Amino acid sequence: MKIYFAGSIRGGRQDAELYLRIIKQLQAYGTVLTEHVGAKTLEECEKHMTEKEIHDRDMTWLNDCDVLVAEVTQPSLGVGYEIGRAITLNKRILCMFRPDSGKSLSAMIAGAVNGSSSFVVKNYKEEDVQSILKAFLN
């Protein structure tokens, strides 16, 4: 399985270590195409790329993936864009949100739940990640 993990980059890197822990769990189910999202040195890795190169690389990965898993607690225009594109590509999508963060989930994400397994939003605590991933990816 090819997994596209989406998490905030320019919108804020407060959750980068959490992203890395989620990515490590996702690797049990397949190849995480975007494992760099959890890297502490992400900005350093991408500084030699143009914004167009980053966009085109990520869109290639999104086209190639089987599922998109997004951590949506930290608001991010990029993550919202990736989710929107994944919907148009008919990808299965899991959005995970931590309500204890004190933030509010966008109605555009929460309201997109369609009652099937193709678009799922889960409120979670970190200890729930393993069971949420297992239920969605199996």
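Tutor: A contact here means heavy atoms within 4.5 Å. With that cut-off, among contacts in the protein between residues at least 6 apart in sequence, 73% join residues at least 24 apart. The model is predicted. Its secondary structure comes to six helices and five strands, and from the N terminus on the elements run β-α-β-α-α-β-α-β-α-β-α. The radius of gyration is 14 Å, close to the 14 Å that the globule rule gives for 138 residues, so the protein is as compact as a globular protein of that length. The C-alpha trace spans about 40 × 30 × 30 Å along its principal axes. Of the 138 residues, 41% are buried.

Now the cavity. The structure holds one cavity of 30 Å³ or more, and about 50 Å³ of space lies in the largest cavity. Its lining consists of Tyr4, Phe5, Ala6, Gly7, Ile9, Thr34, His36, Val37, Asp58 and Glu82. Strand E1 (residues 2-6) gives the largest share of this lining, three residues. By class, the lining of the largest cavity divides into five nonpolar, three polar and two charged residues; Asp58 and Glu82 are among the lining residues and count as charged by residue type.

Methods. Residues are numbered from 1 along each chain as its sequence is written. This is a predicted model: local features need pLDDT of at least 70, side-chain atom pairs count only at pLDDT 80 or more; totals for chains, interfaces and linings use all residues. Side-chain values use heavy atoms; hydrogens and water are left out. On a 1 Å grid over the protein atoms alone, a cavity is a set of points where a 1.4 Å probe fits but cannot get out, and a pocket is an open set with protein on both sides within 12 Å along at least five of seven lines; lining residues have an atom within 4 Å of a point. Grid points are joined across faces, edges and corners, and a volume is the space filled by probe spheres set on the points. Helices (H or I, at least four residues) and strands (E, at least two) are DSSP runs, numbered from the N terminus. The radius of gyration is taken over C-alpha atoms; the globule rule is 2.2 Å times the number of residues to the power 0.38. Buried means under 20% relative accessible area, exposed over 50%, partly exposed in between (1.4 Å probe, protein chains only).
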